[in-house]
Structure formats: structure tokens, C-alpha cells
Amino acid sequence: MYKVRLTAEAVEDLDRLYEFTLKRDLNLAERALSAIERALELLAYSPFSCRKALLQKNPRWREVLIPFGHSGYVALFEIDDDRTVTTTAVRHQRDEDYH
């Protein structure tokens with residue numbers, strides 16, 4: 001099992017996404033955050049099952065798609081070693097500044 005870490009930037013992304021959705025609906029914000037957390041838990045068990053990050057040359061860089069509503073979220077992460085995965089960014093799939 002891998003330890004899943006989040007960079008400070010990834011935590012800021014989660015805060016930003018939560019606050020944006022919270023302005024629309026508390027229940028929606030809670031469900032979105034829960035969907036993201038479940039997807040990040042998957043990384044503890046099978047990070048190599050996620051797709052390779054398209055703009056990264058290193059195969060240890062991956063991204064997990066997180067379905068939610070009509071689109072969803074994407075989390076960028078690196079498989080550091082055989083014990084640790086680091087999530088570096090979380091974006092809505094419609095965000096333009098993901099990479």
C-alpha cells in the first residue's frame with residue numbers, strides 16, 4: 001500500500017474547488033469533495049492503474065479522472081517510489097490551467 005501525500009498546491013486546489021462549489025450549494029460541495037477524496041484513496045492501492053499524464057515524459061507521472069456530474073475533476077500525481085504517491089494538482093476538467 002502507498003502513502004498518499006498532497007503538496008501545499010494540491011491542498012490549495014481542493015480549497016479553491018470547494019469554495020467555488022460552496023457558493024452554489026453546500027450539499028454539492030460536500031459531495032464533490034467526497035468524490036475527490038475517494039479517488040485519491042484509490043491511489044493508495046493501485047496508482048499504476050491510472051493513465052499516464054500526457055504532458056509529462058516520466059511514466060511515474062499519472063492522472064486520475066474523477067467523475068462528478070456532467071464532467072468532473074482530474075488529479076495529477078507522481079509515483080515517488082514503491083511506498084509514496086504525491087498529488088501535486090487537482091483541477092476541474094474544464095479548467096484551462098491544469099498542467
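This is a predicted model: local features need pLDDT of at least 70, side-chain atom pairs count only at pLDDT 80 or more; totals for chains, interfaces and linings use all residues.
Let's start with the strands. Five of them make up an open sheet, arranged in the order E1-E5-E4-E3-E2, and the pairing is mixed. Strand E1 (3-6) and strand E2 (51-52) stand at the edges with a single partner strand each, so one side of each has no neighbour in the sheet.

The parallel case here includes E1 and E5, which are joined by four bridges. Within this part of the sheet, Leu6 stands opposite Thr87 in E5.

## Strand E4 and its two partners

Strand E4 covers residues 71-79 and is mostly covered, with eight of its nine residues buried. On one side, E4 is joined to strand E3 (residues 61-68) by eight bridges, and the two run antiparallel. A handy landmark for this pairing is Trp61, which stands opposite Glu78 in E4. E3 and E4 form a hairpin with two residues between them, and Gly69 in the turn has a positive phi of about 65 degrees.

E4 also pairs with strand E5 (residues 84-92), again in the antiparallel sense, over seven bridges. Here the landmark is Tyr73, which stands opposite His92 in E5. The link from E4 to E5 is a hairpin too, made through four residues.

## The nonpolar core

In soluble globular proteins, nonpolar side chains tend to be buried together. Which residues of the largest nonpolar core touch the most other members? Out of 20 residues, they are Ile36, Leu43, Val64, Ile66, Tyr73 and Phe77. H1, H2, E3, E4 and E5 are the elements that give two or more residues to this core. H2 provides the largest share, six residues.

Not counting residues up to four places away in sequence, Leu43 touches Tyr2, Val4, Cys50, Val64, Phe77, Val85 and Thr87. Two of these partners have already come up: Val64 and Phe77 are among the core residues that touch the most other members.

## Cavity and pocket

How many cavities of 30 Å³ or more are there? The count comes to one, and the space in the largest cavity is about 50 Å³. Its lining is made by Leu14, Leu17, Tyr18, Thr21, Ala29, Ala32, Leu33, Ile36 and Tyr73. H1 and H2 each contribute at least two residues to that lining.

The largest pocket holds about 390 Å³ of space. Of its 14 lining residues, Phe20, Thr21, Arg24, Tyr73 and His92 lie nearest its centre. H1 and E4 each supply at least two residues of this pocket's lining, and H1 gives the most, with four residues.

## Two residues in loops

Thr7 sits in the loop between E1 and H1. Is Thr7 buried or exposed? With a relative accessible area of 19%, Thr7 is buried, because the cut-off for buried is under 20%. Leaving aside neighbours within four places in sequence, Thr7 is in contact with Thr86, Thr87 and Thr88. Thr87 is also the residue that Leu6 stands opposite in E5.

Pro47 belongs to the loop between H2 and E2. Pro47 is buried as well, with a relative accessible area of 1%. Setting aside neighbours within four places in sequence, its contacts are Tyr2, Leu42, Arg62, Phe77, Ile79 and Val85. Among these, Tyr2, Phe77 and Val85 are also touched by Leu43. For a sense of distance, the C-alpha atoms of Pro47 and Gln93 are separated by 19 Å, and these two are 46 residues apart along the chain.

Definitions and conventions
Residues are numbered from 1 along each chain as its sequence is written. Side-chain values use heavy atoms; hydrogens and water are left out. Buried means under 20% relative accessible area, exposed over 50%, partly exposed in between (1.4 Å probe, protein chains only). Two strands pair if DSSP finds at least two bridges between them. A nonpolar core is a set of buried Ala, Val, Leu, Ile, Met, Phe, Trp, Tyr and Cys residues joined through side-chain atoms within 4.5 Å. Contact means heavy atoms within 4.5 Å. On a 1 Å grid over the protein atoms alone, a cavity is a set of points where a 1.4 Å probe fits but cannot get out, and a pocket is an open set with protein on both sides within 12 Å along at least five of seven lines; lining residues have an atom within 4 Å of a point. Grid points are joined across faces, edges and corners, and a volume is the space filled by probe spheres set on the points.
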